[in-house]
Structures are given as C-alpha cells and as structure tokens.
Protein chains: 4
Amino acid sequence: MTERATTLGVAVIGTGRMGADHVRRIHEVTSGARVTAVVDVDAERAKAVAARVDGCTAYTDPAAAMAAADVDAVLIASPGPAHEATLLAAFEHDLPVLCEKPLTPDAASALRVLEAELRLGHRRVQVGFMRRYDPEYAKLKALLATGQLGRPLMVHNRHRNVASPPFFTSTMLVTDSVAHEADATRWLLDHEITAVTVLRPTPSANAPDGLRDPQFVVFETDGGALSDVEIFVNCGFGYQVQAEVVCERGTARIGDGHALVTNMAGRWGGTISQDFTERFETAYDHEIQAWVDATRRGEVTGPGIWDGYAAAAVCEAGVRALEDGGRVEVELAEKPALYA
Amino acid sequence: MTERATTLGVAVIGTGRMGADHVRRIHEVTSGARVTAVVDVDAERAKAVAARVDGCTAYTDPAAAMAAADVDAVLIASPGPAHEATLLAAFEHDLPVLCEKPLTPDAASALRVLEAELRLGHRRVQVGFMRRYDPEYAKLKALLATGQLGRPLMVHNRHRNVASPPFFTSTMLVTDSVAHEADATRWLLDHEITAVTVLRPTPSANAPDGLRDPQFVVFETDGGALSDVEIFVNCGFGYQVQAEVVCERGTARIGDGHALVTNMAGRWGGTISQDFTERFETAYDHEIQAWVDATRRGEVTGPGIWDGYAAAAVCEAGVRALEDGGRVEVELAEKPALYA
Amino acid sequence: MTERATTLGVAVIGTGRMGADHVRRIHEVTSGARVTAVVDVDAERAKAVAARVDGCTAYTDPAAAMAAADVDAVLIASPGPAHEATLLAAFEHDLPVLCEKPLTPDAASALRVLEAELRLGHRRVQVGFMRRYDPEYAKLKALLATGQLGRPLMVHNRHRNVASPPFFTSTMLVTDSVAHEADATRWLLDHEITAVTVLRPTPSANAPDGLRDPQFVVFETDGGALSDVEIFVNCGFGYQVQAEVVCERGTARIGDGHALVTNMAGRWGGTISQDFTERFETAYDHEIQAWVDATRRGEVTGPGIWDGYAAAAVCEAGVRALEDGGRVEVELAEKPALYA
Amino acid sequence: MTERATTLGVAVIGTGRMGADHVRRIHEVTSGARVTAVVDVDAERAKAVAARVDGCTAYTDPAAAMAAADVDAVLIASPGPAHEATLLAAFEHDLPVLCEKPLTPDAASALRVLEAELRLGHRRVQVGFMRRYDPEYAKLKALLATGQLGRPLMVHNRHRNVASPPFFTSTMLVTDSVAHEADATRWLLDHEITAVTVLRPTPSANAPDGLRDPQFVVFETDGGALSDVEIFVNCGFGYQVQAEVVCERGTARIGDGHALVTNMAGRWGGTISQDFTERFETAYDHEIQAWVDATRRGEVTGPGIWDGYAAAAVCEAGVRALEDGGRVEVELAEKPALYA
C-alpha cells in the first residue's frame, strides 16, 4: 500500500452516457484517482460535467487535455470512429489509456493502432472488455484455470436485452452485442476464434421491422472448441447474460442470479435485471479500479490492443456471416511478442 | 371407468434389456394389461422371461404369438432391423402396436411401413418416443400451448451421458441419441425439421479413440425456428437432459432437477442421475400406461408412424451432415391425411 | 414376479373425496389389486362409486363387506371417529388394513386399537402417512441413512396451504396439518417426540376470523434433536412442503421443486403447486402399490399402529401447547416388541 | 457531486484484524476519505499499520488522535469493553463515529452512551451492523417496503460457520453471532424484540467440549411476529447466512448464492463461502462508503446508538434464556425522540 502517494489525474474523453458515468465512478467510487479533465466536442456538455467535480477542467480538444500538467492518464469514451485519432495522440504523450470498446470500428484501423503501440515499444492501452472484471466471470475463469474440469470443449452463451434502441441494426447485434461474447470466449478459453457462422431464425414479432432478432452465432476456435451465442435484443423479459463452459470432466455455468427468491401468487423465483448497468455495476467499478491501480504501478494488466483488434476481426467475419447466413473464416495478423 | 372390463393381453417381441424391462413394467406397474406372450429368437431367453409371469407363453416366431387367442396387442422391443417385418405382420393381424424407437433403421423402410399403415386405413402404431410422457417435458409442452410466451424461436438442448458403451459409433450420437431431440423439437414446436448441421469440436480426451464426441447439432424447422443440441456421451459426470425453449416473450427450461439440495464440505447442490432409466422411469411408466389405455379404447394417441418416419429422415440427413461437417437439407414425403 | 397370481380384492370403506380417489387409484393405477367392495353409510353414494368398477359391490355395513368372499383386504377412508370400530371389525376377520390418517382421533383410542392388534399377535395395519412414499422424502431418508452427514441435530419444516377450508379450526392446524410433520420427524430421525411447544404470532389478516394462523411448532425428541414447523394454512400463494435436516456435517433440503423454470416479464422462476394431490400424487400411488404388494406377501411394511398412536399422542400434547402458548411434554406408553 | 471538495480524515481506533482491514478498505477502496491516524495500545502495531499509508500518524491514546487537526471522524474497531470511553471522548470533540459492533458489552453501558449522545443533542454515532449494507439484505428490505407481500409474520434465519475459534463460549453464540440476527430482525421488520427463547439441542460431536452448539433462538416482537435463528458455529461445511421472511401474501428468501453452478462427478451445485469476509465483502465496502458520504454531509444515516443499545438488551435477555433453556422478556428504556 505504501507506494500510492500520488492520485492519478484522469482525462475522460467523451461525456455521453458512458463517459459521464465513468466521471461519476472515478469521482465517487474509485480510490486513488480523480477526474482532472473532461473533453467533448460539445463544449457546453463538457462544461456541465466538469462543473460537478472540483478541480476538473473542460476541453473540446483531446490533445489540449493530454498536454495539461494534471493529466496522467486518459479514459476514452467517445464514439468508436473517434478512437483511432485519440489513441494516436495519447501515444504521442505516452499516456496510459483505458479505451471503451470497440477499440476502433474495424480490423484495419485496429491493426494500425496496434502497429503504433508496437512502435511505441511498450503497452499503454487497456480495452474496455469489462466482463473480465465481473465477479461471476472471474470465478468461471478461475475454475477453468484450476484444470479440474479438464479441457474446455464448448461454450453456450445467452445474451438477452429487454428491447433494442431505435438506431439498432441487424449488424449491430454482431458488432455491438456479440462482441462481448467474442472477447469472453477468447479470454475464458485462451483460444483465438478462427471462423464464425451466423444462423438467422424467423425474427420475433416484437423485433422492429427489418431487424434480424434473434440470431444464433457459432464461433470455432484454434483450440478446436465451439462457442455458441444466442443474441436476442428484444426478448422483453429482462437483461440476462449467461455462459456455460462444457469441459471434458464437467460443466460450469454463470448468470442464474438467484440472490433473492420469492414465493408469491402461485410462483417461486426472482427478478431479472432490466439493464446492463445493474448486472455489471461491480464489473465496471472493478475495471476502472484495476486500471487505476495498474496505471499507478506503470503497468497494463487488462485486455489490450491485441484483444481489441481480434474482436474487430471476429466481428467483421461475423457481419459477413450474418449477410450470407453461413460460415466465414476469421483472418488475423501474426501475434506480436509484445502481447504474448 | 366402467368400460375397463377386459384386461389387455400383450405380446412383447424381444426380451433384451429393454424388452425384459417392459415385461416387468406391464406385470408390476401397468394397470389393465398383462403379458400373455414373449417372443425372442433365443428360445431359452424367451422361456426364462415367460417363466416370471403367470399365464405367459414363450415363442420364437412373432407371427405365432400374434395368432394366439390371448394376444390383443404387440410391444416391439427387438433390434431395429427386425421392426419392419414385425410391424407388417402385426398389420396382417390388425393388432395395435407400441414400437420402440427407431421405428425402422432408415427413412426408406420407415416410409414402407407408413404406406402399409395407410393401406390398412387406420392408425395402429405408436412409436416409443417416451420423452413426450415425461412430466417435465409435458409441463413445457403445456406451457407453450397456452401461448403466453409467444411463438417459439429457438430451442437449446443438452444431452449428456456418463460414458458411451463399447459399440457406440460417431454416427450413433446422431441416430441413437440426437434422435430424441429431433422428436422433442418436432413435438414441442409442432414444426417439421428442414435442415441439419453437425459441428464437430475436437473430441474429448475421455472419448474412446476415433469417436467424435461431443458434437453440436443445429436443426432448422419449417416454422423458421432453430433447435441446437449439445450431444456429449462421455461427459463423465452424469446423465443429464435439459431443454430451454426461447419464445418471443420469455423462455422456459427443464432438466435442472433440484429435488434434494445438500450443503456439504464447502458445496451446495444435488446429485445428477447416472442413467436414463432413473431420469425417465416415470416417462416409461406413463408411456406404457397411456398406450394400454388408448389401445383398450381402440385408439392411437401417442407418436405414430409419421413421427417415426420423420425422425428417420432427420437422422439420415444428420449422418450426412456429420460426415461433411456442414448443413444438409431434410427430405420428407408429403404428410398423409391419416396423420393430420 | 412369479408369485403374483392372485389379484387382491379390496374393500374401500368411505367414499368421500379421499375414498373415491383411492377407488380410482386402485382401479386405474395400482397393479395387482381390484376394488371388490365399497362401503358408505350413504347407500346412494356407495352405489354410484361401485357402478364405476366392474365386479364391485356396494355395502352400507363394513362388517358385511369384510365377510364377502372376494374381499381380501380393507382400505379405511371414512371419518376418523369411525376408524376404531372398523379396525376392530377387520381384526375379527384378520384382514390386512390400510387406514387413512389419523389412526383414531385421540391417543386413548389409538392405544385401544394398538392393544387389540397386540392381542391378535401379528401386525395387520398400515397407517396412511404417505409422505414416507414421496420420492423426495425417500431420498432425504436414504441420505440420512448413509451417515455421511453425521447425526441429525435439527429439522426445519415449512407446511403452507393456499387457503383453509371453512370448517378449519386453530386446533386442526396441529391435529390435521402438523400431524404430517410429527410423523415425518419421527420417521426421518428415528426418534420419538418428547415435548411440543406452540408459538402463536399475530394471525395473518388473510386468516378467517378467530383462526390462529400461522403457528410455529417446535418438537423436542428423545435423541436430543429439535424439529420446528411453520404451519401456515392461508399463505395465499400455493401448496408448499419443505424440510431441511441439519446434521453434524451438513444439511439436506427438499421441497424446492425446480422442475420447470421460466424467464418472463422481469422474473425467473417456476410455478408452485396449488394442491396436495398434485404435489403428492406419486406418493399416494406408491403408498397404495406398496401396501398391495406387501399385503399379497402377507406382510406389513409401512407405518403401523404404533406410528398412528405416537402421532395421536404428539398431537394431543400439541393442542394443549397451542392453548397455553407454551411447552407440553408428550406421554407415550412403552413400545411393544411387535413394533420393534 | 459538487460538494465533495474535502477528503474526510479518519482516525481508526484499534488495529487488530478488523481495524487493520478497515484501514486497508479506506485506503484502497473508499472514495472521499483517507486514514490520517491509527490508534492502538500496542505502539509497535500502530506504527506498522500507519507506515502503510502516506500521511498517517500512529497514536496510543485515542484522545490525542481526536485532537489532531487532520482527524475529522473516528472509526472504532477496538475490543468492546474499550468502546464506551472512546465514544465519550469522541462526543467531547463532537466527532462523527462509526463504531464496530457491539456498541458496548452490555445494555447498561449502551444506555449510558445513549444518554451521552442525547446530552450532545444530535446524532453522531453509526453502529457497525453491516448486514444492512449487504445487497441481498437491501433487496429484501426494499421488497418488504413495497408492501406487496403484506405484513411480515415470521422470519427464519440460518447462521452457520465452519468452525468456532478456540475462545468461543456458549454465551458468545448469542452475543456475538445471533446479535446480527437481532439487528436484522429489528431492521427488516421495523419492530422491537420483546422476548427471547433459546432452545438447546444435543450439541454436535464436532463442537468443542462444553460448547452448546447448535442453538435455536426464537425472538418475539412488539409487532406480533416471530423470528427464529438456527445458530451453528461448527457446521463444518461453510459460512452461510440465510433469511426467509414469511408475510401475509408470500415469502422472500436470501442467501442461496447461486452465482456459479457446476456439474461435476455426479453432482450439480456451487461452492459455499468459508468466511464472512468473502460473503460480506461488498457490505463492508458499502457500509464504510455510506458512512463517509453521510459524514461529509454532516448526517448520520445508518444504525445508531439506539440500535446498538437494543441489540445489547436483546443479547442480555438471550444469555439468560440460554442459561434457563426458556423464555426471557426483553426490557427496553423508552425510545428518545432523537432516534425516532
């Protein structure tokens, strides 16, 4: 504990829903960090958010914030298309970065960012795959690591939302939603994904016109495993994320969430979260705390640019598979030693 | 209750494990029936089984048993390749039949039997898909029938055995095991299956050499639904059959089996059946009882020859899909009005 | 199986709800028995029930039925106050009896019946404590018998009904409802109950005026264990019977009933039975079948007169404890060797 | 968020297991506070703990720490007998206090502290009943507050530890363990406890010689409810805290903890915590954070001295009930308006 003298000054880039929530989190929940800068192209919004935190300055230009003396680290929560430029600017200042997912919108841009970090010569970027910080996923990963279940053979994933927002497209079921399962599969199994199949049942009557919802996605991995994903973003009944890993000697499942059980009116059971912020609140808290702690030690310990790039490549293959209704192979660059 | 004066005299054809168990069941459990004949090519085995039941005669020829005055109905539990001839003989005597699955070993022979029943002009055959008589499956079917969950979109099935017998082949995972999920899918959804895909992860180290175990099978239906099946016959930990139907407004899952829960040595939980006879004992009892009751009323109420034929056609497509690792369409004859 | 030639002819005494259901059960479900006589003081009702079964005669006098040539055994389902006379008549004919609970309405009359069976010199009576035949209770008993949990220290019981019938009194919560837990405690632990305490929280607003519902009953046993019972007969939400046995090295719980789990409208969970006939249908079937099987072998294997007497003595103490709101000791005669 | 400029300087009194853990928590987890002083009669231990935190001074005298300019609030984690003097000293400095349970060792001393706070004229003390901050208990309380289950009638509590420490006495099962259920009952129901009964089954063979373990405690409340507690501190299998509230229209249960479910070696289920720090880690974090937040706003929002006093009075009655094996009434002073 002794080496925690300095408090980390964080610039939060983007003050939309996610960015504003991270400002609140660092201000109220995270130990050892404070928000010293917020950045948004909308100057008024930036000012309004900055006003909530003592000693926090509002900017419209990320580079200006990164040049400030009280900025030690950067949290990127702007829209995906803006990430590449912001990441490259952070590399120029050699600042540690926590970058919300997606790293960038496609595999080619993710690869450019990866090459820039390679030129920098050390890892600076953690990508916001926060499920790795969820206590249930962490227990699942820890159990697999003991080896007592044997080698993983299959993963069955369920990912359900009450209703999709108006702007949601069939493609976003893959790139926005299943992207989480792509990373979770890679992380849990320590495999890369080599092919994607997307099956398209008749859409639910509750899906907006033209939206292919639900979809059923199957990942194949270089370790010979399968990982299937039910993605259903208009299921109506709640927000639900479940995963069962089937291994040679047993299976392990998370996401049942049996904390409070009632008997009422002819039924036993419990409530289902209606929102990801409730289900994954602790995961977000732990993610930010872990990033702050590692950054203060000068380390990157969480998912990095390679993970962001791999997710982008998988999602690109997934989008093609969705369009075809078939199987598409994933193409990955060779993995650099920096990410070994 | 009044019209139950006569007791149904049943000839059981085949006295292997399944046949002998059905003899015991009818003798000890089933009300309104008695075993009056047993038939086996092995005359000694037939005599040994007949000796356990008063008034039961042993035969080696099914036709001879069917001609006996005290035989009112036939239960076929002989090996699959013998079914076709026995069924045709039963049609000659116009006897009601309960035929263990598979109806016949392939779609072509199933179609011949179907055509023979059509010539007979009325339904006489019930096929032994006993999951339809399992209380949990029955509750699931009943819930779907209420319509409160909306239209079914997907079914997720898990089918796990402790270990496969020595004679089990990769093909039998489809034809012997997944055949149950093929029928369950058709029955639960009231859809026909139109295509089969079989995915083949790297086999478990606990699978016998050369056995492709586990497999992951995906059915597509004429109602636009998907039904996926994890079949894993060397899972090591128990016999487990689970199904979750995902509908437009909710999901329903069976097979968790939480009857007795213990806290012991750092763990809470329950035991898992090691054998299908334990898990489905009640289903077998109900199946035989329902067949006896319907037969005494002169009706066929359970799964019939069309269901046996459809399962055979699906399994044939499944075997080709297993060999290819791809997707194979199912070809079905037109459905006769007799089975509407 | 060989020695099952004769079918047991059963006289059912009493054709109310319970008696009529047992007639149906023996006629439709039970193997190896048939109803040859029904008896009711209401001659019309007896005739109506007899008319549903071929070869069944209606009587108004139990003794006349017992004298009939086709009556081999007696099932008593008449009101409790009539049991003593019927049991003594059955002893005169030396007929096997299955007597619905309670054996008799009080400990003194139960003791007279017990002494009559002692004079007869062999056991003839099984008492209708059907929970001993419930598969979940049977698993719990079997687990305790293995000794792997160590010695039982406490039992926590929950017994909940949707609503009580109009004639239900505060005393009947003890004598009619908790009587089941009294027997279950004695049977699970193999202890006798030595004292009863009844605690009386403020009644639920949903209880009929003047009914002390719920109550909380604590049994002490001669093995130093406690068994507490929540009895709540107007809980509103369902019929629920749960038991957890706390032992030196672990606990075991039954009654959660997780067979079908749904996700719907913001909640996961399952339905709760609304009625004991649904929850304990299999127990009733197994009870009658076991009695028929034992009777045909000339044995009594189930709970006997000693168990019926002990339950009556416990309930009498319970009623006094309810009136006092305190603790009352149970007085039992010495246990005869016949029931060892 | 704006009014959080100043960081709260906390003096932690007592640096044993609990105190040292709170120092770590405030240093690493809690936002808006820092440890500026630690106090212990063991000067070396105080120095060792202080050395882990920048700007933290070690003291041996609580009063000296309270007089320091950088101390804004006091967390008392010293042994119970030292609490009274420390609380009175804090009142002299008018400092906010978070006092670990028990408030003081007995009802008389608790009442003296209560009177001292009354003389101070405003509330300054929060007592460390951290279950009120546990997410599961919070959900249970919130559900009761909606009124949809109706009025609470009974609470069933289970409190199990793997093994008791060597110094544990029969009395401590009441004063140290059941004290949590005393507070939880008062808080969940918003009732005061009026009588305590302690039942003593034969001790487990795994309990140390002379320790009466398990015990079964029944609280009666001024709202006519019962709350029973199984306390079993040598259960062997894990740390388990469960509560079920039975209301007029339904029940609600917490503590099943089904987060990760495995299938392995013939069993399904999950692990049981072995330690309260794992089960209640989040509760401790939330408790300290809530106290820091309220203190910075100049408020006391958590359980106060009245709650600490009431728990002491209940435990005193519980100890007498344990000795008698009977029922003892709880005597409480009149509740001052300050705690209304």
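Over the face of which ring does D:Arg279 lie? In this predicted model, D:Arg279 lies over the face of D:Phe280, at 4.3 Å from the ring centre.

**Figure 1. Arginine over a phenylalanine ring in chains D and B.** The close-up shows D:Arg279 above the face of D:Phe280, with 4.3 Å to the ring centre. In chain B, B:Arg279 lies over the face of B:Phe280, likewise at 4.3 Å from the ring centre.

Figure 2. With a relative accessibility of 6%, B:Trp268 counts as buried. D:Trp268 is also buried, at 6% relative accessibility.

**Figure 3. Open parallel sheet of chain B.** Six strands of chain B make up an open sheet with parallel pairing, in the order E3-E2-E1-E4-E5-E6. Strand E3 (57–59) and strand E6 (125–127) stand at the edges; each has a single partner strand, so one side of each lacks a neighbour in the sheet. On average, and with direction ignored, neighbouring strands are turned by 25° against each other.

**Figure 4. Pairing of strands E1 and E2 in chain B.** Strand E1 (residues 8–13) and strand E2 (residues 33–39) of chain B run parallel and are joined by six bridges. Among the residues involved, B:Leu8 has B:Ala33 in E2(B) as its bridge partner.

**Figure 5. Helices packed on the sheet of chain B.** Helix H2 (residues 43–50) of chain B packs on the sheet, where it touches E2 and E3; the direction of H2 makes about 165° with that of E3(B). Helix H9 (residues 281–296) of chain B also packs on the sheet, in contact with E1, E2, strand E4 (73–76), strand E5 (97–99) and E6. The direction of H9 makes about 155° with that of E4(B).

**Figure 6. Interface of chains C and A.** Contacts link 19 residues of chain C with 19 residues of chain A. Between them, the two chains bury about 1,600 Å², of which 51% is on carbon and sulfur atoms. On the chain C side, C:Asn263, C:Arg267 and C:Trp268 lose the most area to chain A, together accounting for 44% of what that side buries.

Methods
Residues are numbered from 1 along each chain as its sequence is written. Chains are lettered from A and ligands numbered from 1 in the order in which they are written. This is a predicted model: local features need pLDDT of at least 70, side-chain atom pairs count only at pLDDT 80 or more; totals for chains, interfaces and linings use all residues. Side-chain values use heavy atoms; hydrogens and water are left out. Buried means under 20% relative accessible area, exposed over 50%, partly exposed in between (1.4 Å probe, protein chains only). A charge sits over a ring if NZ of Lys or CZ of Arg is within 6 Å of the ring centre and within 35 degrees of the ring normal. Two strands pair if DSSP finds at least two bridges between them. Helices (H or I, at least four residues) and strands (E, at least two) are DSSP runs, numbered from the N terminus. Axes are lines fitted to C-alpha atoms, for helices over the stretch in contact, and angles run from 0 to 180 degrees between N-to-C directions. Contact means heavy atoms within 4.5 Å. Buried area is the accessible area (1.4 Å probe) that two parts lose on being put together, summed over both.
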